[in-house]
Amino acid sequence: MSELAATKPATADRAIRSPLGEFWRRLRTKRVALAAGVVLLAIVLVCVFAPWLAPYNPTTPDYQAILAGPSATHWFGTDAYGRDILSRVIWGGRISLWVGFVSVTLGGAVGVALGLLSGYLGGWTDSVIMRLADVLLAFPGILLAIGIVAVLGPGVTNVIYAVAVFSVPVFARLVRGSTLALKQSVYVQASRSIGVRPVALVLRHILPGTLPGVIVYMSLRVGTAILTAAALSFIGLGAQPPSPEWGAMLADGRSYLGVDDQLTLFPGIAIFVTVLALNLLGDGLRDALDQRLR
Amino acid sequence: MSSPSSSPSGRTASHPGEAPSAAPLLDVSGLTISFPAGRERVSVVQDVDLQVRPGETVAVVGESGSGKSVTALAVTRLLDYAGGRIDAGRAVFQLRDATSLDLARAPQERMRQLRGPEIAMVFQEPMTSLNPVLRIGDQIAEAVMLHQGLGGAAARQEARRMLERVRIPEAARQLDRYPFQLSGGMRQRVMIAIALSCRPRLLIADEPTTALDVTVQAQVLRLMHALQEELGMSLLFITHDMGVVAEIADRVVVMRSGRVVERGGVGEIFARPREDYTRRLLAAVPVLGSLAGQALPRPFPENGDEPPAQDTVEPAGPPVLEVERLVTRFEVKRGLLGRSGGRIHAVEHVSFAVRPGETLGLVGESGCGKSTTGRSILRLDRPEAGAIRLGGTDVSSLTPATEKLLRRAVQYVFQDPFASLDPRLTVGFSIAEPIRTHALLAGRAVEARVEELLEQVGLGGSYSRRYPHELSGGQRQRVCVARALASEPRLIIADEAVAALDVSIRSQVVNLLMALQRRLGVAYLFISHDMAVVERVAHRVAVMYLGQIVEIGPRDAVLGRPQHAYTQRLIAAVPIPDPARRGHARALDDSEVPSPMRRHDDPPAVAPLVRVGPDHYVARHKIGGLF
């Protein structure tokens, strides 16, 4: 920045470096995160195209082939009813990913809104919202989810609500924190001194500033949500038989551990790979979004 | 261990203008330093030569990015921890035992032993260079124990002696205090005490007074000068401030973009600079007193032309802004229950008026309430009492109508150009925000206006699609000025608007503000701690101290014939970029500015100002026990 020349026309000719462009440029250097993103994309595509990709119907039993090991006809083997495990893993992914993304989006949206309100307004609004968040956070997540499902009744939809509810306070906390910081930032004060109305101030200047943290946390949180949903199904509160949910499949295969490991191995790997990919992607996003746009 | 090389470099010799005296204590030659940038390395310092002789003060001066700090880091080899690398060159240092050592190649363990007893450092930010959780006595004692091998009690004794030596009052009591309990100036003295506790032969000071107020800066500079003479050490002083250079240096090295541009004795550099860059650097430095005797302010000279006088004030008609008995106080909460422990009297019965086309300079040291005054006018801080009138309309209570009027007619330019623009929005969007907010224009006309504003501040319309992080500090501050102009305000509050900029950029932005005033007739409330800049821009000057205006009047009268003791002290402390007028002899006291925080039952004394000349008023009551 040492410049004695009156103006530097150089900047006028260079390509515009938008914040989004900078983000992509940084993300491109994060190889692990990119690989995780590709894996995740593949998983999502496979789930989307399940009706065409799955070799068998996931719920049709085949009593001629009960508890068969992996073979050319059944790549991942079959379960106690002779259902093809590969097909069940593929169809099950639809449920798991759906539950993960929808519940976190729902919980995130509510949490971000509450966090913005809480941080921007302060005072008793802040106190009420944060005390409620404290109450929710005081429960272990899985216990809270079990409680909610116990009230609403078992089923995939209610699992989504349950997981969404326990995502709300973490997002509210996260967004409240960055809102408090941004509220004091000079550029928000500058906009206020211009006369920008509070709603525009929050939506235009504060919300975009909190989003990088929210995006990172969402990607990490989807993994947690998938695990929680699987756990709920495992104890029989989530997806009901015969729907092929990964957690439910683990529960089904539990009695055959050590005898027919394909029942637990493949859904287990599916959960493991998906959650790991989400976490690695989240880490990469955090590094790429944590830019000093100064 | 290392084997000290026996002879210094063969290039010891004299550059023109250097006194051929004793052999140099430090002889840097051909120093080249690079930092990693992605997969490559960027060379930030190239082929720098530099000599420091025993007992002399060498100032390395340059603007940001000139490589002056990196050079100092390389000499101490703290560079290694900052990621940099010395690619070439030598830095031969004469050790106490008469052997010499090339610092550029010495192993880190050897350097660790040298740091302290041979070479000590003082950094810019005194708060972050002290450990916040240790008492200052323990921090000094630690250095003493490490380097002088004294035991606990003896080290504490020595720590007390060091604090006395750096003129800290009640040294014994101060030993038990924590850094946060001390003011910035006191902390910097503690840093100097720690640095000197090892009796180094070379002290490297990197912008040691930049974060300090002028009066404190003057105290610290004088102290360093006195201690240097007492201890006979050499001083390598890194600064961007030509005024400070003139105050303290024997010889000067001017750096730019990692290279030495010019070197020479201090008198010679200031009187007969050989290089064009040095000349321009010196020309851009505001000199307090350069407009003495002139009634009107005048922009900085550009391209050698004498600029026109700033004759823009409309004496008739109502003032743009009238502030009457404005009071802003902050409650200080203490303890678990949030009981009020006292009040900070940031702004205390402040009254002034700004006429159309006029610039009122509001000067004072940090904490005097000058920024809070500006922020209170725009309700960024909430005033407790007082009247604010805009062109005769009372806007003291904010109704939707008065708020709209206020937010359109008065605009604010903040100090930090890096923080005052939303990093996620384009420059054009930021400038358009006031236009859209106040619905002044719509559709295509907004874009045309944004481009026109960018042209007005000297940037060109194509900048509207840029993002702030693509611009330099000076360019960003121009954008902020364009945004401030967008709602066609009658008054712009410029809060230290040029303080964060390099000198050359500073004079450009000041000239821009003044040109806009000539063209648009806008009035400024120019809040600044820099008296020399204020002399350039202001028609009238108000001096604030502990939340009150102690003196207000025409610029020439206040700066030329100051009537209040505090104004006189403030002006005396300003470093003058002229080594012939060095201020060590000038009378300065070492007293601290008292805190503006007071108990509830102890309000400060307030009294009307007394007229001492035409339009010139001075406080004659006692403020803060000092004046």
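Biologist: Which residue in strand 23 of chain B does Ile552(B) stand opposite?
Modeller: In this predicted model, strand 20 of chain B and strand 23 (residues 616–618) of chain B run antiparallel and are joined by two bridges. Within that pairing, the residue opposite Ile552(B) is Tyr617(B).

Biologist: Which residue of strand 20 of chain B is the bridge partner of Ala542(B)?
Modeller: Strand 19 (residues 540–545) of chain B is joined to strand 20 of chain B by six bridges, with the two strands running antiparallel. Strand 20 covers residues 548–554 of chain B, and in this strand the partner of Ala542(B) is Ile552(B).

Biologist: Which residue in the turn between strand 19 and strand 20 of chain B has a positive phi?
Modeller: These two strands of chain B form a hairpin, and two residues lie between them. In that turn a positive phi of about 50° belongs to Leu546(B).

Biologist: How many residues of strand 20 of chain B are buried?
Modeller: A residue is counted as buried if 20 or more other C-beta atoms lie within 10 Å of its own. By that criterion strand 20 of chain B is mostly covered, and of its seven residues the number buried is six.

Biologist: Which residue in strand 5 of chain B does Val92(B) stand opposite?
Modeller: Strand 4 (residues 85–94) of chain B runs antiparallel to strand 5 of chain B, and three bridges join them. Across this pairing, Val92(B) faces Asp102(B).

Biologist: Which helix supplies the largest share of the side of domain 1 of chain B that touches domain 2 of chain B?
Modeller: The domain assignment gives domain 1 as 26–123 + 201–283 and domain 2 as 321–417 + 490–618 of chain B, and their C-alpha centres lie 36 Å apart. The contact takes 23 residues from domain 1 of chain B and 20 residues from domain 2 of chain B. On the domain 1 side, which divides into nine nonpolar, eight polar and six charged residues, the largest share, seven residues, comes from helix 8 of chain B.

Biologist: Which helix of chain B supplies the largest share of the side that touches chain A?
Modeller: In this interface 45 residues of chain B are in contact with 27 residues of chain A. The chain B side divides into 14 nonpolar, 16 polar and 15 charged residues. Its largest share, four residues, comes from helix 13 of chain B.

Biologist: Which element of chain A has the lowest mean pLDDT?
Modeller: Chain A as a whole has a mean pLDDT of 86, and 94% of its residues reach 70 or more. Over residues 1–12 of chain A, however, the pLDDT is below 50, although this stretch has 27 contacts in the model beyond near neighbours in sequence. Among the elements of chain A, helix 5 (residues 85–121) has the highest mean, 93, while the lowest, 44, belongs to helix 1 (residues 10–13) of chain A.

Methods. Residues numbered from 1 in each chain as written. Chains lettered and ligands numbered in written order. Predicted model: local features only at pLDDT ≥ 70, side-chain atom pairs only at ≥ 80, totals over all residues. pLDDT = per-residue confidence, 0-100. Contact = placed C-beta atoms within 7 Å. Buried ≥ 20, exposed ≤ 12 C-beta atoms within 10 Å, placed from the backbone. Pairing = 2+ DSSP bridges. Nonpolar A, V, L, I, M, F, W, Y, C, P; charged D, E, K, R; others polar. Domains from an automatic or database assignment.
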